[in-house]
Amino acid sequence: MNSYLIVASIIFSIGTLGVIIRKNLIVVFMSLELMFNSANLGFVAVSNHLHLISGDIFVIFVIVVAAAEAAIALGIAITFYREKGTIDIDKANELKN
Amino acid sequence: MHNVPSIYGMNLLEKSMLGIIPETVIIIFAFIVLFLTFFGNLAKGKNSYYLSLIGIGFSILYVLMLSGKNIYGFYGSVVFNSFEVFLFIAILFSGLFTVLMSKDYMENSGMPAPEYYSLILFGISAMMFLVSSNNLIMIFLAIEFMSISAYILTGYIKGNTRSTEAALKYFILGAFASAFLLFGSVFIYASTGHLNLYDIHSFLGNISYAGLINKSGGIGIKIYISVGLVLFLVGLAFKMSLFPFHSWTPDAYDGAPTPITSFMATGIKIAAFAIFLRIYSLIYNFNIMNFNDILWLLAVFSMTFGNIAAILSSNIKRLLAYSSIAQAGYILIGVIGGGLYGYSGTLFYLLSYVFTTAGAFAVVVIFENSDLISLDIKRYSGIGYKYPFIAASMSFFLLSFAGIPVTSVFMGKFYVFSSAIKSGYNWLVVIALLNSAFAAFYYIKIIVKMYMPDKEPASSSLNSSSDNLGITHGVIDDGLMITIIICLILTLFMGIFPQIFINFANNSAGSLWRI
């Protein structure tokens, strides 16, 4: 179980770094999905190790929620593209003090 | 169903359903409002507005009918007792004020209304589910449900780049926070093998009772659960907008439609604090690591940063956003203070915060709708003479934020700070008091601005000579007026007779430990 959790943590860190560093909106959304799915991997590993079913159930819910989030994310991305003509995250700079 | 005298006559499902009736009523009304869009004529008028109000009213009625019951439904996923009653009422009031504020705003902006109101209702139900959830799956689902409604509502103004940008920033950081929360639950699950909070509580209780947690066998568990709880705390701190995780707050509050800003500032914050209180009281107390020190730092930085940034901002919505970060810091002091006294103080503070914030935002909506006064604080000069009542109520809300006696937030601060002193956090209270004094500066600055004669040349950025003529008093929407009056009365009432509310809060906080 430990090694699975280490792999999950590494994937989670890659996702975190992707969200922080990358400037392309689609890549940021992909990184967010990566973070969610690393948690899924952790849940499946733990629930297999402990011979429990509850972790697997959690994973199904997470997949559903991630799909809903992706729908919202792409909706927002399309609106953003229509208004700015780009999906560069640095162009989201109108709200300032 | 609620008239059944004995709960034992029902089967498990009926008994479980009883605990989620208030949420279910809201969801049913949300769907009715949403289906209005199929019928062109019905959707045009104010039907969705009135239906939403009726739904919230029914839900409040059901909460009051169910109060006093102690329900533990869906195999422990959902809890309903007096803690929930208190917070449901606070959340429903926050939703009620949002809906009341929205009518005028939606009519002025010409946006399609039914989806808007149904999203508000879905958001309210998600917050109520979050408050009553008692299982890591339920917590994650409710947080996501609540956040997704809020993302859509933030970006609701069509063709407005600021609104879209706010939604984008809020979405990325919100989903980021949810991922942290989720990854934290992996580690909690890995160390304990349970998802139900009560099960996790008793598991940790058994381990620490057996003295295992600091011995070789327990070290693995200790590391896992510490990592899990810290990640979980990060996820919740994003939703509570505490200092290092606050960066979405000013942008999202600024770009969102103003009624939604009020909704985010009151409802989401209450729900996040409520679930944090539940988890903190159940899990964080064990001798795993010293979470109070982490919270101490979060509270101090939130207060200080929020107040400094608020002084520097010139936009009223950004100012209130930064002030809400500072208020979150004050509320956290009650959690650090701990015990029945600290938790009931936290609940009292949350309730008083709802009325004060909703009132202040209602005033902002009035001035925004009038189109003559922008969100810039400089434009507020002289309105004290043009609209005496509104300016006076805005002054009262701002004084309440500043913590002047006779207002509700003063009593909230009093309870929260005294609980921290009881637990020996003297320096924390000293810093908080200094911060409150510091914060009074920018609240009073706005009041002074409102009562200063309008010296600025009216021509600069906004057009027109009609600027100084102002709107007539009859224009102000009755929904906004009702909001302001209810908020005024309750802010004053909670300040003068806090005993009634603190008893209620004591009773609610006590039920956190009633497992």
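Hi everyone, let's start with the largest pocket: 17 residues line it, and Gly75(A), Thr79(A), Ile152(B), Gly155(B) and Tyr156(B) are the ones nearest its centre. The top contributor is α3(A), with 6 residues. The space inside comes to about 380 Å³. By class, the lining holds 10 nonpolar, 5 polar and 2 charged residues.

Before going on, please keep in mind that this is a predicted model, where local features need pLDDT of at least 70, side-chain atom pairs count only at pLDDT 80 or more, and totals for chains, interfaces and linings use all residues. Residues are numbered from 1 along each chain as its sequence is written, chains are lettered from A and ligands numbered from 1 in the order in which they are written, and side-chain values use heavy atoms, with hydrogens and water left out.

On a 1 Å grid over the protein atoms alone, a pocket is an open set of points with protein on both sides within 12 Å along at least five of seven lines, while a cavity is a set where a 1.4 Å probe fits but cannot get out; lining residues have an atom within 4 Å of a point. Grid points are joined across faces, edges and corners, and a volume is the space filled by probe spheres set on the points. Ala, Val, Leu, Ile, Met, Phe, Trp, Tyr, Cys and Pro count as nonpolar, Asp, Glu, Lys and Arg as charged, and the others, Gly among them, as polar. Helices (H or I, at least four residues) and strands (E, at least two) are DSSP runs, numbered from the N terminus.

How many cavities of 30 Å³ or more are there? The count is 2. The second largest cavity has a volume of about 40 Å³. Its lining includes Ala265(B), Ser323(B), Gln327(B), Tyr353(B) and Phe401(B). Here α14 (316–337) and α15 (339–369) of chain B are the elements that give two or more residues, and α14(B) gives the most, with 4. That lining has 5 nonpolar and 4 polar residues, and no charged ones.

On to the nonpolar core, meaning a set of buried Ala, Val, Leu, Ile, Met, Phe, Trp, Tyr and Cys residues joined through side-chain atoms within 4.5 Å. Buried means under 20% relative accessible area, exposed over 50%, and partly exposed in between (1.4 Å probe, protein chains only). The largest core has 228 residues, and Ile124(B) and Phe171(B) have the most contacts inside it. Contact means heavy atoms within 4.5 Å. Leaving out residues up to four places away in sequence, Phe171(B) touches Tyr151(B) and, from chain A, Phe29(A), Leu32(A), Glu69(A), Ile72(A), Ala73(A) and Ile76(A).

Let's visit some single residues. Ala126(B) sits in helix α6 (residues 114–132) of chain B, and at 0% relative accessibility Ala126(B) is buried. From Ala126(B) to Met146(B) is 20 residues in sequence, yet 4.9 Å in space, C-alpha to C-alpha.

Is Asn40(A) buried or exposed? Asn40(A) is buried, at 7% relative accessible area. You can find Asn40(A) in helix α2 (residues 25–49) of chain A, where its contacts beyond four places in sequence are Val59(A), Val62(A) and Ile63(A).

Thr491(B) belongs to helix α20 (residues 478–496) of chain B and is buried, with a relative accessible area of 0%. Among its contacts beyond four places in sequence are Phe355(B), Phe396(B) and Val406(B).

That brings us to backbone angles. Most residues other than glycine have a negative phi. Val406(B), however, has a positive phi near 80°; Val406(B) lies in the loop between α17 (388–402) and α18 (408–422) of chain B and is partly exposed, at 44%. Tyr75(B) also has a positive phi, near 55°. Tyr75(B) is in the loop between β1 (71–73) and β2 (78–80) of chain B and is exposed, at 71%.

Last, confidence: pLDDT is the predictor's confidence in each residue, from 0 to 100. Chain B has a mean of 84, with 89% of its residues at 70 or more. Which element of chain B has the lowest confidence? Helix α3 (residues 40–44) of chain B does, at a mean of 67, while α7(B) is highest, at 93. Residues 1–7 of chain B stay under 50, and residues 457–474 of chain B are below 50 too.
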